[in-house]
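This report looks at aromatic rings and the residues around them. Please have the sequence and the structure open while reading.

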Amino acid sequence: MSLAAFFIALILFGCNNALADGAEQTLVVGEPWKMDGIDPALKSYNLNNFLVAEGLTAISPDFKIVPCIADSWETVGDDTWRFHLNNNVKFHDGSMLTADDVKYALDRSMEMNPDVVVSLNIKEINVVDGLTVDITTNTPDASLPARMAYGRAGIYKNNEQSDGSISTPICTGPFKFVSYDQASDTLVTAKNEDYRNGAPLLDEVTVKFGITDANSREMAIEKGELDFTTEPPMGSTERLQANADLNVTIHKLCQGYKLKFGSVAKAPYDDVMVRQAIAYAIDRKSIVDDILLGRGAASDGNALTPGLEWRNNDIKGYSYDTEKAKELLENAGWKDTDGDGIVDKDGKSFKITLYTWPERPALPLIEQAVQSELKEIGIEAEARVIDNSVIKEHSGEWGMIWVSGGDTCMMIPDPSYYLEKQFLSTDSTNDYGYKNSEVDELLLKARSTFDQDERYDLYKQVQKIVYDDDCAQVPIAYHYLCVVMKKDVLGYIPNPAHHDYCLSTGMYRE
Amino acid sequence: MLFAYSTLLKLLRRLCIFCLVLVASTTLVFIMLHSLPGERAEVMARYIFLGNIEISPSNEEIQLITQKFDLDQSLLSQYSDWVTGVLHGDLGRSYKSNRPVLEEITLRLPATFTLASVSVLISLLIGIPLGLLAAIRQNSILDYICSTGAIFGISIPNFWLALMLILTFSIALDITPVIGYGGASHLILPAITLGTASAAVLMRLTRSSLLEVMRQDYIRTAKGKGLANRDILITHSLKNALIPIITMIGLEFGHLLGGTVIIETIFAWPGIGRLLIDSISARDVPVIQGCVLFITLMYMLLNFIVDSIYPMVDPRIGGSQFA
Amino acid sequence: MPRSRNINEFIKNKASVVGLIIIMILSLAAIFADFISPYSADTIALKEKLMPPSSEHLMGTDQLGRDVLTRVIYGTRTTFELSIMVVAFTATFGVLVGVISGFYRGIIDEILMRLIDVLLAFPSIILALVVVGALGPGIFNTVLAVSLVGWLYYARVARASTLSIREKEYVEGARAIGCTDSYICLRYILPNCLPPIIVLITLNLGSVILTIAALGYLGMGAQPPTPEWGTMLNDGKEYLRDCPWLSVFPGLMIMIAVLAFNFIGDGLRDAIDPRQMVIK
C-alpha cells in the first residue's frame, strides 16, 4: 500500500514537474507603430488588436460580422438597431456587463473622440433593459452592426480618475490590462481566467510599441528580445526564413497601394482616357516581384481585397500595356509635337509631380518605378517624398498624383466605409472631385438597404462603374503582412480582416 | 570685490542679449511653423483620434476637432497665448498626444542627459590622455597614429558609424542588446558613437594646446630653474592648456546634443533628440518650440558653468597659486 | 607673408597632399560624371535589383536596379554642388558682416559678438532640421537650412582679422591721406582675412558635407531619384544586413571626402599660422 502511494506520489510529482518544465507562456511583441496613451476612448483600437477590448460585434478571418458582446441584433423601425447582449460577459474586474456599460462606453468614446462620432454615425443610445440596448443612427444605416466591430467601438467600464481620464482600462477580452508604461510605450496584459469563451493559453503578453526601425525589430527578434514582430526589412525575407529559430508567415491584409489623382474634376485627369492610359502604363507584376519582393500581390483592378463577400470579382482591370497607354493618350489629344519625349497638348507639356510619404519603405520605390513607367508613355514626373499631412496642400497642383500605401478597405468592416469615402461625391473625405450621380445613388441606397444580398449587389455595381468605366483611381497591388515569430510560438491564425494584425486567442508557446 | 562686480555685470549683459536672441529665435520658429488651425486639427486627428498617419481624416472630423479644441484663433493670439504660457512655465500641449509639452520634455530629459554625459565622459577619458601623450611624444609613431586616428574620428559620419557598430557588436558578436533604454549595456554603443567625434576633437585640441603652452617662455624658464619635467607638465602646462579645452568641452556638449538627434533615432533611445525629430515629422509645433527653447536654455546653463570654472583654472583671472 | 615658405610647408605635409589629390579626383569625377559613369544614374532596371558587387557592377546595384558606382559618382556632383553653394553663400555673407562689424565696432559689433557666441554654440543640425521640417525637404531648403548658422564662423574669423589689422600704421596712414573706408577694407583688410578664411573654408566644407549627408539620411535632403550620399544611406537602411554594399560605399565616400578636406585644412592651417585657432 505504502509502495503504491509512493509510486503515485512520484508520478504526480513527476507530472507537476513536467508541467513546470514546460515553456513559459509569455509573449513579447514588437509593434512598429506607437500607441502613446492608454485611454480606451482613444486607444481601444490597439487594445482590440491585442485582445484586451471587445466590441458588440467582431469580424472573423473570413470577413463575416460575428457576435461578440452582443449575441444578436435586429432592426426596430427604420433607423434603430436593437442589440441583445450576451448574458455572460464579465469585465476584467469580475463585474457583469450590462447595457448601461455599453451606453457609457460608446457615449464617452463619442464625446472624447471625433473619429468615433464620424465613424459610427450614431444619433443616440438607449438602454431598453439590462441586456438590451437600442442604437439609433442619424440616417437609416444597414452598416451599423459592422461598425460596432470597429476597433474604436470597444466597450469598457467606468473607472475614470478625477480628471475624467482612464489610465487602467477594464474591458472584456481574453486578456486583461495589467500595466502601461508611458515613457517606453509598453503594455503588459495577462490571461483572463474567466473569459466566457475559455481562457487563452498565454499567461502574459508584453507589447513594446513604437519600434519604428525595421532593422531594430529584426535584430531584436533574432537575438531573442522579441518573440513576435511584423514587417522586417524588405530584403530580409529569405534570410529570416532560413533562420532555424524563426517562423516567417506572409499573409493577406486589407491594405494596398494605389495611385490617386489629385483631381479628376479638372485637367488633365478630367478625361477618362488619360486616367486609363496611366492605368495601362503601370507594370504591377514587376512592382510586386521586384519592389515588394513577394510581400504582396498584383491588383486585378479592384482595390477591395479578394475574399470580401461584397467584392466584384469580374472587374476587367488594366493590364500592363504601354502601347495601349500611348494610344489612349494620343486619342485624348496628347501628342509629342516638339520631339522632346514628353507629350503635350495645346502648348502644355505633360509634366507632373508624384507625391508619397516615407514611413512605408516600399512607397518611395513604387513612386520611382511609376515615375519611370510614366516616362515611357511620355509623361514627365517629378518624384517627391514628404510628410503625408502636407501632401494635401499640394493636391491642387496641375497633374498631381498621390502614390498611396496603407490604403485600407476594412478599417471599418463594411463596404460603405471604403466605397463611400473614396467615391461618394458628398463624403467629406472625397477631396479629388470625383462625382458620378449614378454611383452616388447606388451608394446612398445601399447604405439603407437592409437586405444583405441586395445591398452587396448594389456595391458590386458601384465597383464596376468606378474601376472599369470611370477608372477613378488606379489600384496597383495588395499589401501582404510579413510576420516573424520565434519557432515555438504556435497557434497564430492570421485575421486579414483587420487593417493591421491582431493576436489569436489560441496562441501558445511550445 | 571689484572683480566680482565686473563679472556680475558681464554676466548680466550676456543674459540680456541671450534673452533677446531667445525671443527672436523662438518667434522665428513660431512663424516658420505657421500654425493654421486646420493643420493642428490634422495632426491631432492622425495621431490621437484616428491613430493612423496614412489615412486622411475627413473634413467633418477636422471640423469637429477644431470646434472641440477651439483652434480657430489667429496667429497673433496663438503666439501671445504661448508667450504668456511660457512666462508661467506652461509650454502648451503637444498636438500629437495632447499632454503638456513640459511633461513630454521632462520625461525624456534624463535619457538624453545620461547619453550626453556618458559620451562626454568617454570623450574626455579617451581624448585628453591621448592628446597629452601625443603632445609629449610629438612626432613619434604614437603621435602619428593618434593624430591620424583623430582626423578619421572627425570625418566619419556618426550615423554610418552607428550602423557599423550595430552590425559588429549587436549582430555579429552579440555583445550588446539592440533595442531599448536600460542599463549600461544599452548605453554603450550610442555613447561610443557620439563620443568618438568629440574624443577626436578633444584629442587634437589637447595636443595643440599643450604644444603651444609648452613652447611658452615661462615654461622654458621653469625648465631652466631645474624643475622636473613631470612637475612642469602637470602643474604648469596642463593648467594653462585647460582653458581652451574647457571651452571646447562646453562647445562639444552642444554638438553632442545635435548628434543625439540622429543617434537616438537609430538606437531607439527615448531622449529629446528623438522627440524633436518625431515632432518635426508630425508637425507637432508646440513640442518643436519647447525643444528648441529647452536646448537653448541648456546651452546657457552650460556656458555659465564653463565661465565659472575659468577663474579656478586660469591663474590670471582667479586667485589660484602659480608656484 | 612669404608665400613660398607656406607652400613648401604645405607640401611637406604628406597628408595634405593626399587630401588635395583626393579632392581633385573627386572634383574631376563630379565634373565628368557623364563620361566616366558606366551606367545611367536614374534608369530603373528592376530585374537587376540588389546585386552584390561584381565585375559588371563594381559596387553592386541598388533596390531599383541602378548601378551604385554610377550613383556614387553622380552623388559626388550633388554633394559638391550643394556644399559649394552653402560655403560660397556663407563665406561671402559672413566675411562681409565680420569685416564691417570689426571695422566699425560700436553697438553693431557688440550685438554681433553676442549673437555669434550664442548661436555658434547652438547645435546647427537642430536649427537645420527645424527649417527643413517647416519648409519641406528638397535641395534648396537644405542649402538654406545649413547656411543659416554657417556664416557665423566666417564672420567671427573675419572680424578677428579685421581687428588685428585696423590698428596698424599703414591703415592709419591710408585714412590720413583720405582713402575711403571701402578702399581701406578692400585693399588692406580683406587680403589679411583671406588666409584664415581659406583654412576655414576647407575645414567647413567637410562639416557642411556631413550636415548635408545627415539631413539626407533623415530623409530631409535631396528628393528621389537625385543621387546624394546621405539619401543613399537612408535608402539602403532597409537592406542593411542583406545588401550591406548599399550602405558601405556611400558612407565610405562621405568619410573620404570629409577626410580629404580635413587633411587639406589642417595642412593649410599649420602652414599659414598655427595660432589662428579656428574651431572645427
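The sections below cover ring pairs and then charges over rings.

## Basis

The model is predicted: local features need pLDDT of at least 70, side-chain atom pairs count only at pLDDT 80 or more, and totals for chains, interfaces and linings use all residues. Residues are numbered from 1 along each chain as its sequence is written, chains are lettered from A and ligands numbered from 1 in the order in which they are written, and side-chain values use heavy atoms, with hydrogens and water left out.

## A pair in chain A

Rings of Phe, Tyr and Trp (its six-membered ring) pair if their centres lie within 6.5 Å; planes under 30 degrees apart are stacked, over 60 edge-to-face and the rest tilted. Over all chains, 24 aromatic pairs are counted. One of them is the edge-to-face pair of A:F50 and A:F209, with 5.7 Å centre to centre and 85 degrees between the planes. A:F50 is in the loop between α2 (40–49) and β2 (57–59) of chain A, and A:F209 is in the loop between β10 (204–208) and α6 (214–222), so the pair ties together parts 159 residues apart in sequence. Helices (H or I, at least four residues) and strands (E, at least two) are DSSP runs, numbered from the N terminus.

Buried means under 20% relative accessible area, exposed over 50%, and partly exposed in between (1.4 Å probe, protein chains only). A:F50 is buried at 3%, and A:F209 is buried at 4%. Ring pairs link A:F50, A:F209, A:F228, A:Y492 and A:Y501 into a cluster.

## Charges over rings

A charge sits over a ring if NZ of Lys or CZ of Arg is within 6 Å of the ring centre and within 35 degrees of the ring normal. The charged end of A:K348 is over the ring of A:W398, 4.4 Å from its centre. C:K237 lies over the face of C:Y217, 5.3 Å from the ring centre.
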